[in-house]
Amino acid sequence: MTGGKQADEKSDNELVAAVYAGDQSAFALLFERHKRLVTRLAGRFFQRWEDVEEIIQESFAEAYLALETFRGEYERSFVAWLSRITINVCYQELRRRGRRSESVMSDLSDAEADYLTERLRDERAENAVERRSISRDLAVKLLSRLAPEDRLALMLLNVEELTVAETAALTGWSVSKVKMRTHRARAALQKVFKRFL
Amino acid sequence: MKKFNRRHRRGASEDLERLSREALNAAALNEAEIDEIAGASDLYERIQKRIVAKRTAQRVARADRWGAAWLDSSLLPELLGLRRQPRLVFAVAFVMLLLFVIVMPRWLRTTPDAPQKAVILAPPSLTQTSVIGAGRTDQIVDAKPDKQTGLSGRSKRAVRRRAQATGEIATDFIPLTWVTEATAMDSGQVVRVKVPRAMLLSIGAATNTAGAGEFLLADVVVSDDGLVRAIRLVNR
């Protein structure tokens with residue numbers, strides 16, 4: 001019990017050092033500590049549970065195999081490092097799907113088009129639960145029209161509410177690229193909306 | 001009117017921006033879903049299996065890469081780091097060129113003499129002598145010896161140099177057997193022996209019968225098959 005408590009009190013860097021030393025339980029502890037973070041990030045890009053689980057597995061496996069490149073004390077926190085790996089895995093998966101044309105979206109249904117128009121007029125929905133479920137499907141359809149880079153930039157800036165510099169650090173892009181990508185992504189998304197309204 | 005249009009456009013743009021944000025938020029999983037997915041009991045086991053699989057794949061890929069690289073000689077310089085160090089390449093090339101320039105003339109000098117058409121057995125004469133070495137035996141190590149005597153040019157020169165140092169006088173080597181391509185020797189030894197003076201008759205040299213019982217010093221070339229191929233007479 002005391003040992004477990006001590007392990008919980010260890011910092012991420014100490015746990016990484018323990019994994020280096022061959023303590024596999026330290027990695028399990030890192031997983032327990034950060035699995036929600038990775039799941040939340042994966043859930044921003046993928047909605048099917050199988051896909052999200054796949055991203056979680058891939059991200060933690062990549063992190064484990066790349067632990068030797070983690071220089072937490074001098075570079076960044078484990079959370080930032082793991083987030084970057086997860087974002088990269090998500091981005092690669094989005095690109096792979098784009099190449100394989102798996103996410104070819106069907107046109108919006110009449111109900112979805114009505115819903116969009118209604119939301120644009122800012123009318124209040126009476127059945128919130130139903131509206132929510134329609135909105136999820138609709139959002140997925142709309143976002144699948146965006147390029148992976150655009151989607152990544154929008155998600156990090158608009159939803160995660162990161163700064164441009166943080167987004168640049170997380171994606172490995174330059175600041176100017178993030179700005180340019182975000183501008184294009186917004187224009188692209190608005191173009192998608194306009195097409196259906 | 002213009003102002004109205006501008007305000008209308010700005011309003012529409014803000015609405016689209018808001019809608020974009022909503023769509024992005026709506027597409028994301030909610031907290032309950034995140035908890036449920038992250039709380040899957042076998043998730044960590046699957047990650048461990050994934051790690052093992054990826055590690056194995058990395059090893060196989062690494063082995064394949066090395067194998068392919070060895071087969072593809074164009075990748076060899078990259079593996080050796082030569083592409084990153086052009087100076088090293090030039091240095092190695094220069095050293096090899098230097099070695100070639102040094103070794104090539106020597107190698108050319110050791111090439112065998114032109115093959116003789118026939119063996120002319122002439123009586124040995126001490127007037128056409130050369131100074132021969134006093135070494136007991138000389139290992140003939142040249143790969144391309146003279147087909148008549150079994151001595152290569154290099155061995156002959158070495159023997160002569162040693163002989164000059166000791167002051168011995170000897171005839172040239174006289175072949176004792178008719179040598180063809182089939183019986184040509186590759187290597188052999190020079191052995192210092194004493195032979196009876198009567199033996200000179202057998203090689204066609206005129207001799208004084210009065211001293212037939214005397215012994216003379218001679219060097220014989222014995223090939224690897226045990227046959228004596230040539231002889232020369234030595235006078236100390």
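Chain A averages a pLDDT of 78, and 74% of its residues score at least 70; pLDDT is the predictor's confidence in each residue, from 0 to 100. This is a predicted model, in which local features need pLDDT of at least 70 and side-chain atom pairs count only at pLDDT 80 or more, while totals for chains, interfaces and linings use all residues. Residues are numbered from 1 along each chain as its sequence is written, and chains are lettered from A and ligands numbered from 1 in the order in which they are written.

I will stay with confidence for a moment. Within chain A the lowest confidence falls in helix 1, residues 2-9, with a mean of 57, and the highest in helix 4, residues 49-65, at 92. Helices here are DSSP runs (H or I, at least four residues), as are strands (E, at least two), and both are numbered from the N terminus. Two stretches of chain A need a caution. Over residues 101-105 of chain A the pLDDT stays under 50, and the model has six contacts beyond four places in sequence for them. Over residues 123-133 of chain A it also stays under 50, with two such contacts. Two residues are in contact if their C-beta atoms, placed from the backbone, lie within 7 Å.

Next, chain B as a whole. Chain B has seven helices and six strands. Read from the N terminus, the order of elements is α-α-α-α-α-β-α-β-β-β-α-β-β. Of the 236 residues in chain B, 20% are buried. Buried means that 20 or more other C-beta atoms lie within 10 Å of the residue's own, exposed means 12 or fewer, and partly exposed is in between, with C-beta atoms placed from the backbone. Taking contacts in chain B with a separation of 6 or more, 71% join residues 24 or more positions apart.

Now the interface. For the classes, Ala, Val, Leu, Ile, Met, Phe, Trp, Tyr, Cys and Pro count as nonpolar, Asp, Glu, Lys and Arg as charged, and the others, Gly among them, as polar.

On to helix pairs. Two packed helices are described by the angle between their axes and the distance between the axes. Axes are lines fitted to C-alpha atoms, for helices over the stretch in contact, and angles run from 0 to 180 degrees between N-to-C directions.

By convention a crossing is left-handed if the near helix is turned anticlockwise from the far one by less than a right angle, and right-handed if clockwise.

Which residues make this contact? Helix 3 of chain A brings A:Lys35, A:Arg36, A:Thr39, A:Arg40 and A:Gly43, and helix 2 of chain B brings B:Glu33, B:Ile34, B:Ile37 and B:Ala38. They divide into three nonpolar, two polar and four charged.

Is B:Ile37 buried or exposed? B:Ile37 counts as buried because it has 22 C-beta neighbours inside 10 Å. Leaving out residues up to four places away in sequence, B:Ile37 touches A:Thr39, A:Trp49, A:Val52 and A:Glu53.

Within chain A, helix 2 (residues 12-20) packs on helix 3 at an angle of about 145°, with the axes 7 Å apart. This crossing is left-handed. A:Asp12, A:Leu15, A:Ala18 and A:Val19 of helix 2 meet A:Ala26, A:Phe27, A:Leu29 and A:Leu30 of helix 3. That contact has seven nonpolar residues, no polar and one charged.

Last, A:Glu161. A:Glu161 has a positive phi of about 55° although it is not a glycine. It lies in the loop between helix 8 (148-159) and helix 9 (164-171) of chain A, and is exposed, with 8 other C-beta atoms within 10 Å.
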